[in-house]
Amino acid sequence: MYEPIRTKSVHRMADDDHAYPHRSREEELDIQLAGHLAALLAVTDELGDTEAGELIARQVARLRGAPPARHAALSGASAQDLHRKAHALAGRALVVAASRADTAAAILAAGRMDAHTAALTGDTLVAAP
């Protein structure tokens, strides 16, 4: 008939929860938001926008509990490509900030999206956060 099972199961039992560290949903969202903002910071630094970079760095430091690593590595991408990338990263950060109910990060991300849209279309912004 059937061969008997001779090895331990690879599946966890419900009472094994104490064996693995778990993070809460809020902690996972914090990590995700900090990652998106750190990526946005790298692109913002490459674009040379120091004022926006400082605002983003403050939010990353708040989420991580330590200031972000900043570097001056250049990708060689055009300004248009960098603005598109920054716009996409700001959009991702906005989605996570909204689900986390982080108003400060959501406002910052929305402002960065507006700034990069204006840079792509050639419009001028009245005030860019």
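Guide: Start with one residue and its contacts. This is a predicted model. Leaving aside neighbours within four places in sequence, Ala 57 is in contact with Leu 41, Pro 68 and Arg 70.

Visitor: Where does Ala 57 lie, and how far is Pro 67 from it in space?

Guide: Ala 57 belongs to helix α2. Ala 57 and Pro 67 are ten residues apart in sequence, and their C-alpha atoms are 6.9 Å apart.

Visitor: Is Ala 57 buried or exposed?

Guide: Burial is read from relative accessible area, and buried means under 20%. Ala 57 has 8%, so it counts as buried.

Visitor: What should I check on the helix itself?

Guide: Check its span, then its sides. Helix α2 runs over residues 50–64, 15 residues in total. From first C-alpha to last it reaches 20 Å, close to the 21 Å expected at 1.5 Å a residue.

Visitor: Which residues of α2 are buried?

Guide: They are Ala 52, Gly 53, Ile 56, Ala 57, Gln 59, Val 60 and Leu 63. These residues cover an arc of only 165 degrees around the axis, which puts them on the same side of α2.

Visitor: What does the face turned away from the buried side carry?

Guide: That face of α2 carries the exposed residues Thr 50, Glu 51 and Arg 58.

Visitor: What covers the buried residues of α2?

Guide: The cover includes α1 (25–47), α3 (79–100) and α4 (103–121).

Visitor: How do I read α3 in the same way?

Guide: Take the steps in order. α3 has 22 residues. Its end-to-end C-alpha reach is 31 Å, close to the 32 Å expected at 1.5 Å a residue. Its buried residues include Leu 82, Leu 89, Ala 93, Val 96 and Ala 97. His 83 is also among the buried residues of α3. Cover for the buried residues of α3 includes α1 and α4. After α3 comes Ala 101, with a positive phi near 60 degrees.

Visitor: How many helices and strands does the whole chain have?

Guide: There are four helices and zero strands. Along the sequence the pattern is α-α-α-α.

Visitor: How many residues are in the largest nonpolar core?

Guide: It has 23 residues. Leu 33, Leu 37, Leu 40 and Ile 56 have the most contacts inside it. The elements giving two or more residues to this core are α1, α2, α3 and α4.

Visitor: What does Leu 33 touch?

Guide: Set aside residues up to four places away in sequence. Leu 33 then touches Leu 63, Ala 93, Val 96, Ala 97, Arg 100, Asp 102 and Ala 105.

Visitor: Now the charged residues. What is the general idea?

Guide: Side chains of opposite charge can pair when their charged atoms come close. A search of the whole structure finds eight salt bridges. One of them joins Asp 30 and Arg 100, at 2.1 Å from N to O. Asp 30 lies in helix α1 and Arg 100 in helix α3, so the pair ties together parts that are 70 residues apart in sequence. Arg 100 is partly exposed, at 23% relative accessible area.

Visitor: Which residues are linked with Asp 30 and Arg 100 in a network of salt bridges?

Guide: The network links Asp 30, Arg 62, Arg 100 and Asp 102.

Visitor: How do Glu 28 and Arg 23 meet?

Guide: Their side chains form a salt bridge, 2.7 Å from N to O. Glu 28 counts as partly exposed, at 36% relative accessibility. Arg 23 counts as exposed, at 53%.

Visitor: Which totals should I note for the chain?

Guide: Buried residues make up 29% of the 129 residues. Among contacts with a separation of 6 or more, 63% join residues 24 or more positions apart. The chain exposes about 8700 Å², and carbon and sulfur atoms supply 57% of that area.

Definitions and conventions. Residues numbered from 1 in each chain as written. Predicted model: local features only at pLDDT ≥ 70, side-chain atom pairs only at ≥ 80, totals over all residues. Heavy atoms only, no water. Expected span 1.5 Å × (residues − 1). Buried < 20%, exposed > 50% of the residue type's maximum accessible area, 1.4 Å probe, protein only. Arc of directions from axis to C-beta. Contact = heavy atoms within 4.5 Å. Core = buried A, V, L, I, M, F, W, Y, C linked by side-chain atoms within 4.5 Å. Salt bridge = Lys/Arg side-chain N within 4 Å of Asp/Glu carboxyl O. Areas by Shrake-Rupley, 256 points an atom, 1.4 Å probe, with all protein chains shown as cover.
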